[in-house]
Amino acid sequence: MCHITQRSSTFLFPKICSIFWRFHHTSTSHWCSCSKTISDEKYQDPFQLGRKDLKNLYEDIKKELLVSAAELKEMCDYYFDGKGKAFRPMIVVLMARACNIHHNNSKEVQASQRSVAIIAEMIHTASLVHDDVIDDANSRRGKRTLNQIWGERKAVLAGDFILSAASVALARIGNTTIISVLTQVIEDLVRGEFLQLGSKENENERFAHYLEKTFKKTASLIANSCKAVSILGCPDPKVHEIAYQYGKNVGIAFQLIDDVLDFTSCADHLGKPTAADLKLGLATGPVLFACRQFPEMNAMIMRRFSKPGDVERAWKYVLQSDGVQQTTYLAQRYCHAATREIRKLRPSPEREALVHLTEMVLTRDK
């Protein structure tokens, strides 16, 4: 992979872990409020601003998935039904506009930049299909998963087909740097899944392991997609790094809040069963923070909550601890880091929308 991608994706894990333990002992009186407005400037609705560039997004994705086999077409169309919020493509087109304005005050999104938004959504959806097979999940976005309806084998093939179509669309852009940046996402998704299948005995290593997995499985797609559109719109490497860092920090915060919602949101809101991560044997942020107050959770983490009653006991420990609050606070720190990065760009409505997006990540309930 291209060296600029590898350099940017490096984490200072020992430093992060030391910060983690310091967060744990921080008084709750110093926590930020999720409802606090991050920016005092005029509110810019990200979804309203991105709507123009995302018009016909799912129709265009379906054109990339042209296939003669009726069953495969039905499977591919199942998640691309136009009912999603298109969170990732929306970030990508807003970043494209913000970088274009910063560079030469161009207010238009290039066709190649919009293609990156389409490709990002395709890669994301393919990863969901494969994740559902690995997790044997039965619901996603409030409806049955592909593997439940068509079976695991066909679901895997459908995910592969979506990935292959995304690769064809990526090649069509015709930029080798962009190909290197976005194929890094696919590598990270695979490595992240392997990380999720493992665990660490040492508590410091365990949290670093969790953050690295979170980056590779969730944040890498946003970070590298933002970087790709910045490369297409601006020649300045500093801008590329700003875009990457914004996407990385927002992506990690998004997943941290997702892990919080697994303990605080009802299944109807979240679109999947709550405590899903515990049932899969996964120790997420709230669990790792709770473990500091309830050391007996260490044994449960190492056996991946496999004994009868483990899931229920771990759930109670998390709710009795400050694990949810500490994870939320950590997400706030990542969002503040994202805000600091994007503020380095020239002022624009799109820049402000990306600032306000960090607040939406923190306050979402599904």
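**Notes on a predicted model**

1. Helix α10 (residues 176-197) is the top contributor, giving three residues, while I134 sits in helix α7 (residues 111-135). Helices here are DSSP runs (H or I, at least four residues), numbered from the N terminus.

2. A caveat on the source: this is a predicted model, where local features need pLDDT of at least 70, side-chain atom pairs count only at pLDDT 80 or more, and totals for chains, interfaces and linings use all residues. Residues are numbered from 1 along each chain, and side-chain values use heavy atoms, without hydrogens or water.

3. Now the helix pair. The axes of α18 (residues 323-342) and α19 (residues 349-363), lines fitted to C-alpha atoms over the stretch in contact, come within 10 Å and cross at roughly 180°. The two are therefore roughly antiparallel (over 145 degrees). In contact (heavy atoms within 4.5 Å) are A331, Q332, C335, A338, T339 and I342 of α18 with R351, L354, V355, T358, V361 and L362 of α19. By class, that makes eight nonpolar, three polar and one charged residues.

4. On charges, the whole structure has 18 salt bridges (Lys or Arg side-chain nitrogen within 4 Å of an Asp or Glu carboxyl oxygen). K63 and D60 form a salt bridge at 3.8 Å, N to O. Both lie in helix α4 (residues 57-64), three residues apart, so about one helical turn separates them.

Methods: Axes fitted to C-alpha atoms, helices over the stretch in contact; angles between N-to-C directions. Parallel < 35°, antiparallel > 145°, perpendicular 65-115°, else oblique. Nonpolar A, V, L, I, M, F, W, Y, C, P; charged D, E, K, R; others polar.
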